[in-house]
Amino acid sequence: MNLENVVEKEKEVEKKKPKHRKYYNKGKQGEKVLSAEVVKEASELEKVEIVEEQKVQKPKKKPTKKNDSEDEVKKPAVKTEKEEKMYVIPLGGLDEVGKNMTLVQYRDEIIIIDSGVTFPDDGLLGIDLVIPDFSYIESNKDKVKGVFITHGHEDHIGSIPYLYQKIDKNIPVHGGKLTLALIKSKFDSGEVSKIAPKMREVTGRDKVKVGKYFEVEFIRVTHSIADAYCVVVTTPAGRVMYTGDFKIDLTPVDGKGVDFLRLAQIGEEGVDLLLSDSTNSEIDGFTPSERSVGEAFKVEFAKAKGRIIIAAFASHVHRLQQVVNIANEHGRKIAIDGRSLIRIFDIASKLGYLKLPENIMVNLSELDKMKDNKVVILCTGTQGEPMAALSRIAKNMHKHTKVKEGDTVIISATPIPGNEKAVSNNINSLLKYDAEVVFKKIAGIHVSGHGSKEEQRLMLNLIKPKHFMPVHGEFKMLKAHKETAIETGVARANIVIATNGSKVEVTKSSAKIKGKVNAGATLVDGLGVGDIGHIVLKDRQQLSQDGVVIVVFTLDKETGKVLSGPDIVTRGFVYSRDSDQILNEANDQIKIKLKEFEVAGTKDWAVIKNSVRDLASKFFYNRIKRTPVILPIIMDV
């Protein structure tokens, strides 16, 4: 910009300028020149415009590399942040009912949710309990920061004493008051261990921080036992919610219902993966309230003229409370039979979950002195367990109670799959003694503690999860729950059907199976944990089907000569007195074989044993198509 341009601009606004201002002076030759004041003003104006031009122009970038020119500079690549990952690892409860256990792992930390058992089926002969395989936990025990328990049923707490033989006793167990009391009683009994871990009591909406990364919140739900919670696990990688076992009981016996408000808030805050109970996913509608069982009991109590014998799950504290209340209304005393029931009555009454009127409890030994219409017997055995109280009563083998005409027997449970035959046998035996038998098929004296389809839909609608993983159930139950989730708006691609041991990778944008860890079943037989394998079970199966044949003979350890025998002893194979001919033939063939070894001078006892075993096995199969366990026993002198 030059001074002439400034002058032109000044002329345009000259009319607006004050009249007295002097713009021109006379030069030396008499010409007009700009006054010093105007020149100064123009110079200042020029400086301002230059500064404004510099503001508009973008500064040139310096070259970032030697080969880059001043005009062409490559833009740096945009860095994308990697998503944080955590892993959900079920070790039990998938493709089965029971043995529930789930791990959540983030970086170098792990928390454990539930640690349950399942009970053996007919194929697990002699087995007491089936617990999860803890090998993955054992190899990562330094990473375990906490154990969180949703409620006190055996399929969620039963294996905790075995778990704490693998991990540090200082790792705390978190759960409700009743849940922790039931866990503590397992250690007090000393059957596995007497050293109990640290226990931290929680209630609804409590948030627990463990390790560097985990925050776990407990949210109250309803189930067939008090102190049932779902848990919400939050890490830097996202949020996982695990419902535990639940139903939507709008009229709970203890008045403590589902915390719908907090569940809805959790849904609004966002859940990256929801794990939800699938047990009743094939059943339409809603599961009836536990109060409906109380109404059915009232009807049966009103009809009963003699003794009332009730078989119930020990852990159904709300049901037991209703039985106590109704018995008291009818002037009946209660006697209990079964270790688990005695334990629950003791624990629940001390904690205030079970309220017992004064003098309502009596000993079984006092029943003979009482009128039949003043007695209620509460006992175990809803699943037809051979040594449970109801089974012994049904066979008239009970020390204090023999079933008789006029008795009303109420079985307040549904048979677990696999137990139907045993339960049916008990019912038939009781009916033979002209007892009135009331069970679920003909009366509403039992309701499930698990939500049916409508309750599952409600949970899905409250939480609105990004991803969904059905748990707690056989494969057909998991598939049915998947279809329910799709109906509520969860994308099919966002649903994970996992198996025990699946390593489910969870981020804020995805949930997918990424590998597998060791998982399976560990068998508990007496004090032995995991020492019963496939071969032992196969032998037991064979023993149960075809029995055992023992072949005993004595050899000279120097010469290999047969000094006595062979003698054949059988158990569970054939009755020897009726099968002398078959056993004598087998004996003759074994003698011939032993003579061959004697002539050959064979002194390898292992070779002789194996040959005798093979010979006897083939002989018995060819003659009577049976394959008993053959046990050759050599005594040497």
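Student: What does Pro470 touch, leaving out residues up to four places away in sequence?

Tutor: Pro470 touches Leu94, Ser276, Ser278, Leu478, His481, Ile495, Val496 and Ile497, where contact means heavy atoms within 4.5 Å. This is a predicted model, in which local features need pLDDT of at least 70, side-chain atom pairs count only at pLDDT 80 or more, and totals for chains, interfaces and linings use all residues. Residues are numbered from 1 along each chain as its sequence is written, and side-chain values use heavy atoms, with hydrogens and water left out.

Student: How far apart are Pro470 and Ser276 in sequence and in space?

Tutor: They are 194 residues apart in sequence and 5.2 Å apart in space, C-alpha to C-alpha.

Student: Is Pro470 buried or exposed?

Tutor: Pro470 is buried, because its relative accessible area is 1% (buried means under 20%, exposed over 50%, partly exposed in between, with a 1.4 Å probe and protein chains only).

Student: Which strand holds Pro470?

Tutor: Strand S20, residues 467-471; strands (E, at least two residues) and helices (H or I, at least four) are DSSP runs numbered from the N terminus.

Student: Turning to helix H10, which of its residues are buried?

Tutor: Leu341, Ile344, Phe345, Ile347 and Ala348 are the buried residues of H10. They pack against helix H6 (177-189), helix H9 (317-329), strand S16 (333-337) and strand S17 (375-379).

Student: What comes just after H10?

Tutor: Gly352, which takes a positive phi of about 90°.

Student: And where is Leu631 found?

Tutor: Leu631 is in strand S27, residues 629-636. With a relative accessible area of 39%, Leu631 is partly exposed.
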